[in-house]
Amino acid sequence: MPDTSREVRLAVRPDGLPEPEHFTVVQVPVPVPGDGEVLVRNRFFHVFPALRTVIAGSVKGAPFPPLNPGDALFGKAVGEVVSAPDGSGLRAGDLVQHWQGWREYAAVPADQCAPLDGGLPDPAAHLGQGAIAYAALVRDARPRPGETVFVSGGAGGVGSVAGQVARLLGAGRVVGSTGSPEKAKRMVAELGYDAAVLRGDGSFEARLAEAAPDGVDVVVDNVGGEQLRAAVSVARPRARIVLVGALAGQLAADRPGTTSPVELDTFELIVKRVELRGFGGADPALDAEWARRLGGWLRSGEIVLPEVRFAGIESAPRALHEAIAGRHLGTVIVEL
């Protein structure tokens, strides 16, 4: 056991999008676990662009508190148990999942450590956002066989899985959006999409209508903004739209990161009887169901989990910067 550990802290709250210089990697003593806490040596942690919102001050009612200068960042992590309290059911060497990423060692309450059973071929696969995509589709959108599904942000952590899950659930046509021609090619070649619509020049609605000529029945919206407006416009009667993310506002350089306004024609929602709802949140039963199905789909090759890995905690600020800039397809992970 070393005497010290490193963690990533917010050095200063940025005016605009976070840059690597807004963070610092500091050396601290290895935490001493208190009563009921598990000492974990982290092996991987997830880097997600929506951290921009908590860095900017968070949103009232959101599940995550704001980050203030001097605070360590947080996120989903997979680590190895170093020590565990009696009665926790955990032993040294067990792999667990928790939310104290962005540090090499963490003292985590035992009830906030989820043991990993080895059901997935790679422990880092637990850091993906596929459970969100699965719940958004199965519980919130309820796609029927043969329907057309549109996923905004189809190359991101949620979207890179949502298109594949929609296909496995029987979708007749799956359309996604992205801002990169290279990602668009990979979405069609690797991720189950029939078409990938590029955003960026003001004619997104026309291109979405071309990619989904019969309209869309289900929308998994990770972006908001013009893409949500276009989805409402091309929605078929009784379409179901699930709002999972708001990246158009969260990652806008000219906005604070804590708002994501969009103007919708409510007449279209009323006349077409479109169902518009927010993502229903985490569900332990659905998460377990997803993990079981994911293991089978991975072993059969029916799903791939694209990811980009950065080596070492010192690379984490750059990883976040590049994730916010949309440079990578799939899940961004730091490997320690």
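A: Let's zoom in on helix α10, whose buried residues pack against β1 (4-10), β2 (23-29), β3, α1, β14 (307-311) and β15 (331-335). Keep in mind that this is a predicted model. The helix itself runs over residues 316-324, and seven of its nine residues are buried, so "buried" here means under 20% relative accessible area. The buried ones are A316, P317, A319, L320, E322, A323 and I324. A handy bit of background: an α-helix has 3.6 residues a turn, so residues three or four places apart point the same way.

F48 sits in the loop between β3 (37-47) and α1 (51-55), while W99 sits in the loop between β5 (95-98) and β6 (105-109), so the pair links parts of the chain 51 residues apart. F48 counts as buried because its relative accessibility is 8%, whereas W99, at 42%, counts as partly exposed. Ring pairs also bring in F64 and F74, giving a cluster of F48, F64, F74 and W99.

F150 belongs to strand β8 (residues 148-151) and F204 to helix α5 (residues 204-211), so the pair ties together parts 54 residues apart in sequence. Both F150 and F204 are buried. A ring can have a charged neighbour as well: R139 lies over the face of F279, 5.2 Å from the ring centre.

Last stop: D217, which is found in strand β11 (residues 216-221). Its relative accessibility is 10%, so D217 counts as buried. The D217 side chain makes a polar contact with the side chain of R236, at 2.8 Å. Setting aside neighbours within four places in sequence, D217 is in contact with E147, T148, R236, A239 and R240. T148 is also part of the picture above, since strand β8 covers residues 148-151 and holds F150.

Key:
Residues are numbered from 1 along each chain as its sequence is written. This is a predicted model: local features need pLDDT of at least 70, side-chain atom pairs count only at pLDDT 80 or more; totals for chains, interfaces and linings use all residues. Side-chain values use heavy atoms; hydrogens and water are left out. Helices (H or I, at least four residues) and strands (E, at least two) are DSSP runs, numbered from the N terminus. Buried means under 20% relative accessible area, exposed over 50%, partly exposed in between (1.4 Å probe, protein chains only). Rings of Phe, Tyr and Trp (its six-membered ring) pair if their centres lie within 6.5 Å; planes under 30 degrees apart count as stacked, over 60 as edge-to-face and the rest as tilted. A charge sits over a ring if NZ of Lys or CZ of Arg is within 6 Å of the ring centre and within 35 degrees of the ring normal. Contact means heavy atoms within 4.5 Å. A polar contact is a pair of N or O atoms within 3.5 Å; within protein, one must be able to donate a hydrogen and the other to accept it, and residues adjacent in sequence count only if both atoms are side-chain atoms.
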